[in-house]
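Q: I have a model open here and would like to talk it through with you. Could you take my questions one at a time?

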Amino acid sequence: MIGIAIIFLGGIFTLFTGLNRVEQWSKNVSSVLLLLASLFSWLEYKGILNFQNLFKWVPQQMLDISSTTEWMSALLLFLGFIIMVIMPANSRKGADVPSLMLFSLSGGILLMGAEQLVMLFLGLEILSIPLFVLAGSDKDNLASNEAALKYFIMGAFSTAVLLLGAAFIYGGTGTLNLNEIQLKLSFAAHFGEFPILLKAGLILVSIGLLFKVSAVPFHFWSPDVYEGSPNRISVFMAVIVKISGFYALGNIFNSFSPMVTWSEQWIIPILGLTIIGGNIMATGQTKVKRMLAYSSISHAGYLLLFILTPFEENINVLATYSLSYGLGTISLFYLMDYYSKQDNEFSMFKALFAKNKLHGLMLVIATLSIAGVPSTIGFVAKYQLFSTAFVYNQWAVIIALFGSAMSIAYYFKPFKYAFDNSQLKADQKSSKIELNFNSFCIIGLIAITMIIGVFPAIMQSLL
Amino acid sequence: MELLYIPLLLALASTLLGKVLSNKWIWSSISLLTSIFFVLKLPVDPNFIMAASIVDVPWLGDSIRFNLKIDGLTWLLLLLTNGLIPFVIASLKEDKVQKITPLIFLMQIGLNGVFMAFDGLVFYIFWELAMIPIYFITLIYSEYERFKTTIRFFIYTFIGSLAMLASLIYMYGKTGFVSFSYDQLFAVNLSYSESLWVGFGFLLAFLIKIPVFPFHLWQPNTYVWAPAQGSMLLSGIMLKMGLYGLIRWYLLIVPESIDFYQPIVICLAVIGIVYGALIAIRQDDMKRVIAYSSLSHVGLIAAGVMTLSLDGLNGAGLQMLVHGINVVGLFWGIDLIDRTYKTRNIHDLGGIASKSKLFTVGFFLFVIGSVAAPLTNGFPGEFMLLKSLFTFNTTVVVFAGLTIILCAIYMLRMFQFSMLGDSEQKSTQNGTIINNGEVVAFIILSITVIIIGIFPQNIIDIINPSMDQILKELSNVKGVLS
């Protein structure tokens with residue numbers, strides 16, 4: 001609970017104080033805020049610090065950010081911190097982008113902690129509305145404006161669907177509280193069929209959230225929006241929205257767990273479509289950013305496996321996967337942002353390894369990790385997810401394994417150019433590693449990826 | 001354990017100090033001394049399951065333990081890996097030493113790990129780990145169509161490994177989600193239909209890696225266009241991972257499916273023997289001849305393993321070592337020719353024998369080793385494999401036996417065109433292969449062809465108890481051979 005307070009108040013503070021300063025300043029301030037928030041959340045989760053007295057006024061049946069939610073919010077804030085630190089600020093004045101990112105993050109945490117469908121809706125809106133603005137924050141770029149409009153219309157539409165679903169659920173159970181819904185459903189499970197109103201409600205609410213996490217067939221907005229938005233915002237959408245969305249989905253499906261045999265029937269086709277569709281479409285892309293967008297769709301498919309498993313006991317699976325997916329995606333987006341030219345083609349990585357050893361290493365490690373090759377965190381995450389889901393549905397896991405094999409075809413595409421030194425001029429070559437703050441961050445990212453990959457027990461000890 | 005962290009240290013050292021110590025002989029000799037010392041020091045226990053662990057610590061929870069064990073078969077393959085890696089490094093061109101050496105050492109970690117792993121998931125991790133460095137070696141230094149070839153190689157093998165991962169997870173489920181440990185997986189009893197699926201997953205991984213006939217499509221181009229060191233590592237050591245997996249993991253973990261897959265694999269392997277040999281006869285590129293001959297030779301080993309006889313397994317073990325040495329020698333020799341005369345086409349070569357005598361002697365030894373002439377290292381292994389096939393089925397051995405004739409045809413054709421004759425009007429007119437340290441190392445390696453050819457029993461003695469144990473476990477515990 002302390003995390004959300006820090007970033008929300010901090011966001012307001014940055015917004016006002018950064019008004020007449022360059023954006024780098026507010027970026028630095030919000031990075032520090034995010035790190036602090038993440039650290040405090042984790043310490044509170046571990047029971048080292050206690051802020052309960054501060055938040056006594058928060059109604060527990062509406063919003064409950066404690067135990068696993070607290071830990072996941074610490075992780076989310078940490079990933080937000082990495083995005084904020086590593087992606088470069090633009091040269092304009094003002095603090096709108098960093099502070100809107102903070103507000104959006106606080107919405108993400110509300111979404112994860114929601115114990116009630118109204119709160120879920122509020123969280124989703126607080127997460128999304130800053131993003132509508134952020135997607136269009138590159139005001140002079142037509143594509144960015146298009147992205148903002150598209151995201152806004154699609155987002156508003158999907159939220160409407162979600163609200164309709166919530167209304168149906170209220171009609172079916174007489175309550176909006178997720179715990180009470182679970183209780184009523186487990187009684188109802190003894191009397192045979194569930195009312196059609198509930199089924200429709202669950203489908204509509206899921207559709208609303210699946211829109212946000214861009215699962216096939218609700219993915220059409222995402223490549224265009226990712227491509228049009230500034231890189232910093234695209235990676236924010238790909239990481240933060242997806243992780244908090246999946247936590248919320250897991251939470252909802254946990255409440256509807258008595259209906260699991262019925263809901264599996266349509267979750268698994270969506271899962272299969274998302275994995276296969278995402279991977280096939282990513283294979284055909286010629287632009288890095290669109291490839292990453294489709295790759296994030298396929299990862300949404302893998303994460304849907306998590307929905308099939310019991311929620312509470314497997315939270316470390318979601319956490320590890322989120323961390324691995326987040327680190328890989330952020331690294332690749334960073335490199336793309338660093339080297340992107342007008343067209344964003346794969347050839348932007350040409351001779352990357354000879355130009356900059358550290359960036360080359362980052363590309364290799366991030367790619368191996370996101371493709372799920374052993375000795376990186378990506379493998380640990382995929383292994384945990386797949387072996388956990390294997391208990392509940394074997395065919396879904398087989399599809400996911402097949403999808404991972406397909407994903408090699410596009411993840412390794414940058415390597416084609418990264419080691420191609422044929423057109424390299426002698427002065428572009430550099431074997432020196434510049435020691436500045438960014439290289440320090442890159443080394444940190446590589447280190448986390450490798451260390452948790454080799455010693456996965458570390459992740460468990462954090463939990 | 002030293003076999004894992006010493007290559008890691010060497011990889012780090014050669015990355016950091018590569019500029020200062022750019023002499024390949026330094027790395028080669030350090031590697032030879034350390035790795036052989038530690039391999040010889042290892043205890044050899046005939047029984048893999050009962051052997052004492054070298055290291056045993058929990059890796060992820062208690063279900064996956066980082067557990068390494070050693071028996072005779074493992075020991076032999078460790079000897080092969082760690083004995084050949086120094087020669088592979090010695091074959092490097094001086095300007096590539098700094099770049100390729102760290103990758104070779106990294107690969108050594110993966111290979112050593114695969115052969116020692118006692119835990120299913122640790123095995124899988126090392127299996128994949130060995131693939132990453134070789135992927136980059138082939139990607140960065142291949143001479144032609146780099147990306148297309150390497151991505152095909154990587155996707156093929158990755159699909160296989162993921163199928164194996166699915167099988168491993170299924171077996172893990174069968175232990176009640178308790179452990180990936182080899183003995184626990186071994187104790188699982190599968191129903192027939194289950195075992196077909198699980199066995200398919202394992203076999204797909206191993207047959208792609210070996211490669212056996214219809215799964216070999218990644219192989220020829222990768223071997224031919226990869227740099228010489230890449231071809232050596234791939235064919236000399238890495239495909240032994242597939243054969244090792246077949247013996248150690250497939251046979252004992254899913255023996256229920258052997259009845260079904262035994263004839264299929266033997267048929268495919270025998271098709272591969274004839275098919276590879278026939279294609280090799282028509283090749284002009286020397287490297288391509290060796291690539292297809294490798295397909296043919298390895299098919300015979302795989303067929304021998306699947307006969308489930310002591311002769312077959314012993315012959316397979318011996319032939320794994322021998323094939324590794326011969327293929328590394330042949331690729332090395334071809335690389336020396338390629339570097340001197342800038343061509344590998346046998347029609348452009350000729351008369352090397354009269355110019356570089358010492359080199360030709362070494363190359364000839366590797367050639368007759370591959371042809372399996374008596375008193376060379378190829379003979380005893382091939383004889384045992386053919387004998388095991390003969391006991392298994394006489395029809396099969398008619399086709400498998402063709403390898404003796406066909407191998408002689410393509411190997412001697414290659415030798416005749418490239419080495420003999422005169423060098424008038426050929427690329428070999430000018431220049432000789434200089435007798436430097438590299439050729440001396442090449443000759444040293446070729447002498448082992450004769451040594452193993454004369455004393456094969458010493459190697460059989462190492463693996464025989466382990467192979468015997470494998471067959472005993474198959475018949476006693478699982479009742480397969482009854």
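Q: Which residue in the turn between β1(B) and β2(B) has a positive phi?
A: This is a predicted model, and in it the residue is G61(B), with a phi of about 65 degrees, in the turn of a hairpin that has three residues between β1(B) and β2(B).

Q: How many bridges join those two strands, and do they run parallel or antiparallel?
A: Strand β1 of chain B, residues 55-60, is joined to β2(B) by five bridges, and the two run antiparallel; V55(B), for instance, has L68(B) of β2(B) opposite to it.

Q: And β2 of chain B, is that mostly covered or mostly open?
A: Mostly covered, since four of the five residues in β2(B), which takes in residues 64-68, are buried.

Q: Switching to the core, which residues have the most contacts inside the largest nonpolar one?
A: Those are L305(A), A130(B), L243(B) and A302(B), in a core of 343 residues. Domain 1 (1-253) and domain 2 (271-482) of chain B both contribute residues, so this core lies between them.

Q: What is A302(B) in contact with, beyond its neighbours within four places in sequence?
A: A302(B) is in contact with I210(B), V212(B), L243(B), L246(B), V265(B) and A269(B).

Q: Now chain A: how many helices and strands are there?
A: Chain A has 20 helices and zero strands, and 57% of its 463 residues are buried.

Q: What radius of gyration does chain A have against a compact globule?
A: Chain A has 21 Å, which agrees with the value near 23 Å that a compact globule of 463 residues would have, while its C-alpha trace spans about 75 × 50 × 45 Å along the principal axes.

Terms used:
Residues numbered from 1 in each chain as written. Chains lettered and ligands numbered in written order. Predicted model: local features only at pLDDT ≥ 70, side-chain atom pairs only at ≥ 80, totals over all residues. Rg over C-alpha atoms; globule rule 2.2 N^0.38 Å. Buried ≥ 20, exposed ≤ 12 C-beta atoms within 10 Å, placed from the backbone. Core = buried A, V, L, I, M, F, W, Y, C linked by C-beta atoms within 7 Å. Domains from an automatic or database assignment. Contact = placed C-beta atoms within 7 Å. Pairing = 2+ DSSP bridges.
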